[in-house]
Amino acid sequence: MKRVLAQCVKEIAQFRRDRLTLALAFLLPFITLIIFGFAIRLESKNIPLIVQDFNHTNLSSSYIERLYATNQFIPKQWFGGNPIRDAIDKGIAKVAVIIPPEFSRDIQADRSTSVQVLIDATDVNNARVIRNNIQRVTNFFMQKHGLLPAISITARMRLWFNPGRLESLYIVPGVYGVVLWIFPSLLSAIAMVREKEKGTILQVYTSSISATELLLGKGLAYLLIAIAEALIVMLLGSIIFRVGIVGNTITLLIGTLLFLIDSVLFGLLLGVRSSNQNAAVQGVSLVGFITSLLLSGFIYPLNNIPFPLSLIPNVIPARYYIDITRDAFVRGTGFAGVWFDLIMLAALGLVFFNVSRRVLSRMQLPS
């Protein structure tokens with residue numbers, strides 16, 4: 001443990017002396033937060049929808065068929081607990097439609113009726129698309145069955161999680177995942193490959209320090225720096241965009257710690273495999289930035305990604321952390337909604353560490 005702490009102290013001392021690295025650690029994440037937070041506006045397709053039909057008549061079935069005929073929604077089955085509340089809370093469905101038992105009876109009796117629509121408004125643009133489409137479907141259904149103008153069907157809509165439709169509540173938590181994946185991994189990758197360029201890695205190879213101790217020492221130093229980055233970025237995000245925690249703080253803390261560990265270990269893995277800083281930076285940019293930006297669910301919903309690219313998000317830590325941040329800052333379901341994401345972050349961190357340790361062990365001279 002003394003050797004691990006000594007390695008950690010050495011890394012922090014080197015980090016403090018390098019002004020460029022300091023700017024990379026704290027200035028660029030702030031700039032990225034501002035640009036992404038203000039610039040990105042999104043919409044999505046293939047929206048998962050569930051229907052709870054208490055009427056079970058030809059009219060209600062026709063209304064359901066008309067919903068799916070728009071090609072905007074895809075059916076989603078849910079068999080646990082309350083199919084409406086639990087499916088939306090856990091992010092399995094984005095919209096739920098509840099058809100009351102008296103739906104067809106009211107229509108046949110020439111009385112107006114209504115259906116209840118619950119919309120996940122975490123993504124504001126998505127909620128707006130859902131709302132408009134369901135309203136158009138309802139109007140078309142009434143016209144097709146000749147109900148107008150005597151009878152009307154009202155879609156009573158309720159926006160969950162984000163009734164004020166603030167776009168920042170969707171974008172900013174996603175930015176946290178991208179920023180905290182790119183910059184900690186970039187710093188740790190540069191730190192590792194710098195040892196090779198300066199030749200000091202040879203002293204490590206011939207010393208008594210093991211690969212595990214070296215990785216733990218460097219990892220601990222840059223984990224502390226990453227924690228400082230996370231605190232600053234989230235504090236600025238809450239002040240500038242007014243995004244506050246609404247969920248379980250413990251899940252956010254655990255998820256953030258696991259994610260930062262993954263980010264640092266991923267950077268160390270790239271640093272171990274790279275021969276110079278240019279290669280390390282390109283590796284973080286290509287493997288880290290592009291995947292966390294495009295294949296994590298930050299910009300495009302994961303169900304929009306075609307096969308076989310849809311398999312890649314399963315091994316991208318940012319995908320799981322963005323679920324955690326959006327739950328903590330928007331949905332607020334806690335452990336019930338993000339327990340799987342926490343397990344996957346821990347598993348991926350173990351993979352990164354073991355691969356890095358094995359590669360570094362092969363480079364060291366036998367004692």
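Reader: Contact means heavy atoms within 4.5 Å. On that basis, which residues of H3 meet which residues of H6?

Author: This is a predicted model: local features need pLDDT of at least 70, side-chain atom pairs count only at pLDDT 80 or more, and totals for chains, interfaces and linings use all residues. Residues are numbered from 1 along each chain as its sequence is written, and side-chain values use heavy atoms, with hydrogens and water left out. From H3, Leu59, Ser62, Tyr63, Arg66 and Leu67 take part. They meet Ile134, Val137, Thr138, Phe140, Phe141 and Lys144 of H6.

Reader: What kinds of residues make up the contact of H3 with H6?

Author: Seven are nonpolar, two polar and two charged. Ala, Val, Leu, Ile, Met, Phe, Trp, Tyr, Cys and Pro count as nonpolar, Asp, Glu, Lys and Arg as charged, the others, Gly among them, as polar.

Reader: At what angle do H3 and H6 pack?

Author: About 135°, with axes 10 Å apart. Axes are lines fitted to C-alpha atoms over the stretch in contact, with angles from 0 to 180 degrees between N-to-C directions. That angle makes H3 oblique to H6 (under 35 degrees is roughly parallel, over 145 roughly antiparallel, 65 to 115 roughly perpendicular, the rest oblique).

Reader: Where does H6 run, and how many helices and strands are there?

Author: H6 covers residues 124-144. The protein chain has 13 helices and five strands. These are DSSP runs numbered from the N terminus: helices are H or I, at least four residues, and strands are E, at least two.

Reader: New topic. How many aromatic pairs turn up?

Author: Eleven, from a search of the whole structure. Rings of Phe, Tyr and Trp (its six-membered ring) pair if their centres lie within 6.5 Å; planes under 30 degrees apart are stacked, over 60 edge-to-face, the rest tilted. Take Tyr63 and Phe103: centres 6.1 Å apart, planes at 50°, so that pair is tilted.

Reader: Which helices hold Tyr63 and Phe103?

Author: Tyr63 is in H3 (residues 58-68) and Phe103 in H5 (residues 103-108), so the pair ties together parts 40 residues apart in sequence.

Reader: Are Tyr63 and Phe103 buried or exposed?

Author: Both are buried (under 20% relative accessible area; exposed is over 50%, partly exposed in between; 1.4 Å probe, protein chains only). Across the protein chain, 51% of the 367 residues are buried.

Reader: What about Trp181 and Phe259?

Author: Their ring centres lie 5.6 Å apart with planes at 35°, so this pair is tilted. Trp181 sits in H7 (residues 168-198) and Phe259 in H10 (residues 249-273), 78 residues apart. Both are buried.

Reader: Which aromatic cluster includes Trp181?

Author: One formed by Trp181, Phe259, Phe266, Tyr321 and Phe352.
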